[in-house]
Amino acid sequence: MKITTLKGMHDIKPPEIAVWHWVEKTIREVLEGAFFSELRTPVVEEEALFTRSIGNATEIVEKELYHFTDRKGRKLALRPEGTASIVRSFNEHFATAGGKTHRFYYLGPMFRYERPQQGRYRQFYQMGAEVFGSKDPRTDAELIFLAHEIFKRLKLTTTELQINSLGCKTCRPNFRETLSQFLSSRIQSLCADCQRRIQKNPLRALDCKIPTCIEATAGAPSSLDHLCSDCQTHFEGLQQRLTLLKVPYRIHARLVRGLDYYERTAFEFVNTQLGAQNAVAGGGRYDDLVHDLGGPSTPAVGFAIGMERLVSLVSGYYPVEERRKKIFFACLGSEAQTRMIPHMMELRNLGWATLMSYENESLKSMLRQADRLEVDYTVIVGEEEIRQGLAQVKEMKTTGGQSSVGLADLAGYFLRL
Ligand code: HAM
């Protein structure tokens, strides 16, 4: 029986992989230009890392975690997101009490046992950025600006930034209580999940996608009306900075995010072209998480981009100049092949992608192969060319024209193009 990929998982194949490389390179350039260093953490962690950080009453932990016990009976899980692992690593290697700020970025597969649909997978890639040690709203704004800049460089202009403030340890309990009372008064109209959320995690009810719940919570109290003065100042500071950086935003008072660690700033970049799963990136501030996971009290803020969603949005903008130029060597006979191998290697070292067929095929079949490989040029060499010290260089993309080039000048010819 043929074995295929698991439901909700997918191969990222050529030629699409070239778009991924371009997107990844662009994100690295933007983040490294702002002093972020890459941090790679394992895919498998202790399950407790995710239950303690993301929250026991979230969908991710309740329903979506890939968890298992290993051969020694340890409870482990595949990471469903990057932030918890980066905090774990920060606490293990970098954290010092009252320490300086640190900036990390990461790229890798995440795992959530969700119901697969367009733009929603069980294994998906995130590229994210986290800053430790700054509670200043200018840091939140700079991070948002970086995500905005990434989209701009990828020519994605149709994405809307939504921001909200979720309050802090001081003011959120009051908001939570008011919201619970509001939800309790409409309990009959809520779905079973939201009924449970009233006690466990009332904020999540604001994110429920079931139409009756949306209707029932239409006039729900807003976190923005319950902010303490510090949170209020922080949120205003964020908005001022975004305006200064010319990043357009919309305040979305129902934006609560699917992870429990957020405080104050929460944001998402959404794009209507994505359908129901319209968030291309999300993030926010999590000032208590470092301490909650055993580190020194350290404010932190970050975001993560969903790579599948971003790639699907920008694949049409993939610039031709990003593609490595390709040359196919169609050599007729083993003598021509032997003579041309050093030329092929030389061009490869100069940055071209080069390939030769060793199969002794006809010229017609080699040209067909060259077409299929979407090469830019084919170098044709037969017995006659070898005798004359020449190669025929055929342009494959536009004109289809052919030129005779001396073998001694072959590399020079391509360099001059
Ligand atoms: P998140 O909103 O859960 O946040 O995920 C970030 C992005 O990952 C989403 O906006 C979406 O594009 C993508 N994503 C999430 N689930 C899936 C899925 N099943 N299939 C495809 N793409 C998906 C976080 O994960 C936080 N750790 C972000 C963060 C970083 N907050 C602070 N720092």
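Colleague: Which element gives the most to the lining of the largest cavity?

Modeller: α7, with four residues. This is a predicted model. α7 spans 192-200, and α3 (59-64) also gives two or more residues to that lining.

Colleague: What makes a residue part of the lining?

Modeller: An atom within 4 Å of a cavity point.

Colleague: Why is the space called a cavity and not a pocket?

Modeller: Because a 1.4 Å probe fits there but cannot get out, whereas a pocket is open. The search of the whole structure finds one cavity of 30 Å³ or more.

Colleague: How many residues of the lining are charged?

Modeller: Seven are charged, two are polar and one is nonpolar.

Colleague: Now Glu-45, in strand β2. Is Glu-45 buried or exposed?

Modeller: Buried. The cut-off is under 20% relative accessible area. Glu-45 has 9%, so the label holds.

Colleague: What makes the pairing of the Glu-45 and Arg-88 side chains a polar contact?

Modeller: The limit for N or O atoms is 3.5 Å. The Arg-88 contact is 2.8 Å. The one between the side chains of Glu-45 and Ser-85 is 3.4 Å. Both therefore qualify.

Colleague: Which other residues does Glu-45 touch?

Modeller: Phe-50, Leu-76 and Ala-77, leaving aside residues up to four places away in sequence.

Technical notes
Residues are numbered from 1 along each chain as its sequence is written. This is a predicted model: local features need pLDDT of at least 70, side-chain atom pairs count only at pLDDT 80 or more; totals for chains, interfaces and linings use all residues. Side-chain values use heavy atoms; hydrogens and water are left out. On a 1 Å grid over the protein atoms alone, a cavity is a set of points where a 1.4 Å probe fits but cannot get out, and a pocket is an open set with protein on both sides within 12 Å along at least five of seven lines; lining residues have an atom within 4 Å of a point. Grid points are joined across faces, edges and corners, and a volume is the space filled by probe spheres set on the points. Ala, Val, Leu, Ile, Met, Phe, Trp, Tyr, Cys and Pro count as nonpolar, Asp, Glu, Lys and Arg as charged, and the others, Gly among them, as polar. Buried means under 20% relative accessible area, exposed over 50%, partly exposed in between (1.4 Å probe, protein chains only). A polar contact is a pair of N or O atoms within 3.5 Å; within protein, one must be able to donate a hydrogen and the other to accept it, and residues adjacent in sequence count only if both atoms are side-chain atoms. Contact means heavy atoms within 4.5 Å.
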